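Good morning, colleagues. Please look at the sequence and the structure as I show them, and keep both in view while I speak.

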Amino acid sequence: EGDQGPKGDKGPTGDEGDAKAFYSVTYLDSLGGYVDSPQSDYIPGENVVFTLHPDANYKATGIKVNGQLFSVDNTMKYTAKMVEGGLVVKGIFEEAK
């Protein structure tokens, strides 16, 4: 066998592809109940459906998403769009009379 020849040039680098960034939902403690969603990580622009779960003798009156207060109806659901950086969510509950 003869000597090995010189190494060839490096080939082209591929595209970066369609890697998507996922962001999380952070849930703050809520007196009188809790909030959840079907998954914990979402792509920005994706709908996130939150469900409020009041404790016994409490009712859901609203939800705070990134510091902004929104009302909830009888379905106990609220839909928000995921944003870059994620969402911080807190359910607002009051004692049922």
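I shall begin with the chain as a whole and then turn to individual residues.

A word on the source: this is a predicted model, in which local features need pLDDT of at least 70 and side-chain atom pairs count only at pLDDT 80 or more, while totals for chains, interfaces and linings use all residues. Residues are numbered from 1 along each chain as its sequence is written, and side-chain values use heavy atoms, with hydrogens and water left out.

The protein chain contains zero helices and eight strands. Here helices (H or I, at least four residues) and strands (E, at least two) are DSSP runs, numbered from the N terminus. Along the sequence, the pattern therefore reads β-β-β-β-β-β-β-β.

Of the 97 residues in the protein chain, 25% are buried. Buried means under 20% relative accessible area, exposed means over 50%, and partly exposed lies in between, with a 1.4 Å probe and protein chains only. The chain exposes about 7,300 Å², and carbon and sulfur atoms supply 47% of that area; accessible areas come from the Shrake-Rupley method with a 1.4 Å probe, and for residues only the protein chains shown count as cover. Among contacts between residues at least 6 apart in sequence, 55% join residues at least 24 apart, where contact means heavy atoms within 4.5 Å.

Let us now consider the interior. In soluble globular proteins, nonpolar side chains tend to be buried together. A nonpolar core is a set of buried Ala, Val, Leu, Ile, Met, Phe, Trp, Tyr and Cys residues joined through side-chain atoms within 4.5 Å. Which residues touch the most other members of the largest nonpolar core? They are F50, I63 and L87, in a core of 16 residues. At least two residues of this core come from each of β4, β5 (58-65), β7 (77-81) and β8 (87-95).

Leaving aside neighbours within four places in sequence, F50 is in contact with a list of residues including V25, Y27, S37, I63, M76, Y78 and L87.

That brings me to the aromatic rings. A pair of aromatic rings is described by the distance of the centres and the angle of the planes. Rings of Phe, Tyr and Trp (its six-membered ring) pair if their centres lie within 6.5 Å; planes under 30 degrees apart count as stacked, over 60 as edge-to-face and the rest as tilted. By this rule there are two aromatic pairs. The rings of Y27 and F50 have centres 6.3 Å apart and planes at 85°, so this pair is edge-to-face. Y27 lies in strand β1 (residues 23-27) and F50 in strand β4, so the pair ties together parts that are 23 residues apart in sequence. Y27 is partly exposed, at 32% relative accessibility. For F70 and Y78, the ring centres are 4.8 Å apart and the planes are at 25°, so the pair is stacked. Buried or partly exposed: which applies to Y78? At 17% relative accessibility, Y78 counts as buried, whereas F70, at 24%, counts as partly exposed.

Y27 also takes part in a polar contact, joining the side chain of S37 at 2.6 Å. A polar contact is a pair of N or O atoms within 3.5 Å; within protein, one must be able to donate a hydrogen and the other to accept it, and residues adjacent in sequence count only if both atoms are side-chain atoms. S37 is located in the loop between β2 (33-36) and β3, and is buried at 16% relative accessibility. The S37 side chain also reaches the backbone oxygen of Q39 at 2.9 Å.

Next, the charged residues. The structure holds one salt bridge, defined as a side-chain nitrogen of Lys or Arg within 4 Å of a carboxyl oxygen of Asp or Glu. It joins the side chains of K59 and E94, at 3.6 Å from N to O. K59 in strand β5 and E94 in strand β8 are 35 residues apart, and the pair links distant parts of the chain. Both residues are partly exposed, K59 at 41% and E94 at 36%.

I close with the backbone. N66, in the loop between β5 and β6 (68-70), has a positive phi of about 50° although it is not a glycine. M76, in the loop between β6 and β7, likewise is not a glycine and has a positive phi, of about 65°.
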